[in-house]
Amino acid sequence: MRGMYRLGSAGALAMAAATGLVVSGYALSAPATFAKAKASYSKEFTAAAKPVQDKIKELEKQRDGGDAAGAGAGATAVIPMLDAAMAAVSTDLDKLAAGQFAFTLGGMNENMALRQKGIQMMLDSGQIPEDKQSQYFFYLGNFAYASKDYPTAMSALAKAASMGFEHEALVPLMVQAYQGAGQAEAGLAAARKAIEDRRAAGLSVPQDWIERSNVVAYNAKSADNAVFFSTALVDEYPTNFNWLASAQIIRALAGLDPQTTLDLFRLMDR
């Protein structure tokens, strides 16, 4: 007996998958300038950086005045000046400032790789306070993912998760980065750990963490992970839709015998 619930393209799982995360970089505010620096600027960098800083101020006024397209084009024209400033970097504070320039210009011309480079330089500078580092690792992973630099995205997002960073997109980005690198199982293991850590701490788990991981588990035909995420979904968010989607996934992947399948149908009906 095939039963009344068939897993098809119009089923609950397909509807859930259709709402999956598609990202080209989250909108992030400019990083703060930290008052207590642990280093000083070099003379060489100061000379090379001042024209970049002055140009950025002009472009910010242009953008804030409503000419975002013009500011973006101007930002692209400043890149050679930025490269010269980066070549003059010799101290940690130089590196922090150069990273902020790259981040800002990359935001103006929507250059995710440049924003990634800027965030990486800021982290490498050692000037980011400890309580902000997890956020910056999330930024780094986000921009690396948008640039299809999946190894960097995997590492940065896993680091952010291990440091306790909270954002609804963190785990979805992480599992998709692992999937993009052809390591779906490792990504699902990282997602499970992040979810279990939050549960152990008595914290709620964002629904999108579970849903996105569940879709990746289904697409990878990873039965054990699919059962884990399906069960977690109805534990945390027991809506009728989630019960149906989770039951369909378990039926499709868990290899249930006829009696257990019948019990599952009874549960779905209830």
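The model is predicted: local features need pLDDT of at least 70, side-chain atom pairs count only at pLDDT 80 or more, and totals for chains, interfaces and linings use all residues. Residues are numbered from 1 along each chain as its sequence is written, and side-chain values use heavy atoms, leaving out hydrogens and water.

**Helix pair α7 and α8**
- Helices here are DSSP runs (H or I, at least four residues), numbered from the N terminus.
- The axes of α7 (residues 150-162) and α8 (residues 170-180) come within 9 Å and cross at roughly 150 degrees. Axes are lines fitted to C-alpha atoms over the stretch in contact, with angles from 0 to 180 degrees between N-to-C directions.
- Residues of α7 including Tyr150, Met154 and Leu157 meet residues of α8 including Leu173, Met174 and Tyr178 (contact: heavy atoms within 4.5 Å).
- By class, this contact has 12 nonpolar, 1 polar and no charged residues. Gly counts as polar.

**Gln176**
- Gln176 lies in α8.
- Gln176 counts as buried because its relative accessibility is 7% (buried: under 20% relative accessible area, 1.4 Å probe, protein chains only).
- Its side chain makes a polar contact with the side chain of Arg212, at 3.2 Å (N or O atoms within 3.5 Å, one able to donate a hydrogen and the other to accept it).

**Nonpolar cores**
- The largest nonpolar core has 48 residues (buried nonpolar residues joined through side-chain atoms within 4.5 Å).
- Ile119, Phe138 and Phe229 have the most contacts inside it.
- The largest share of this core, 8 residues, comes from α6.
- Another core, of 19 residues, lies apart from it and includes Ala85 and Phe101.

Technical notes: Helix = DSSP H or I, 4+ residues; strand = E, 2+ residues; numbered from the N terminus. Buried < 20%, exposed > 50% of the residue type's maximum accessible area, 1.4 Å probe, protein only.
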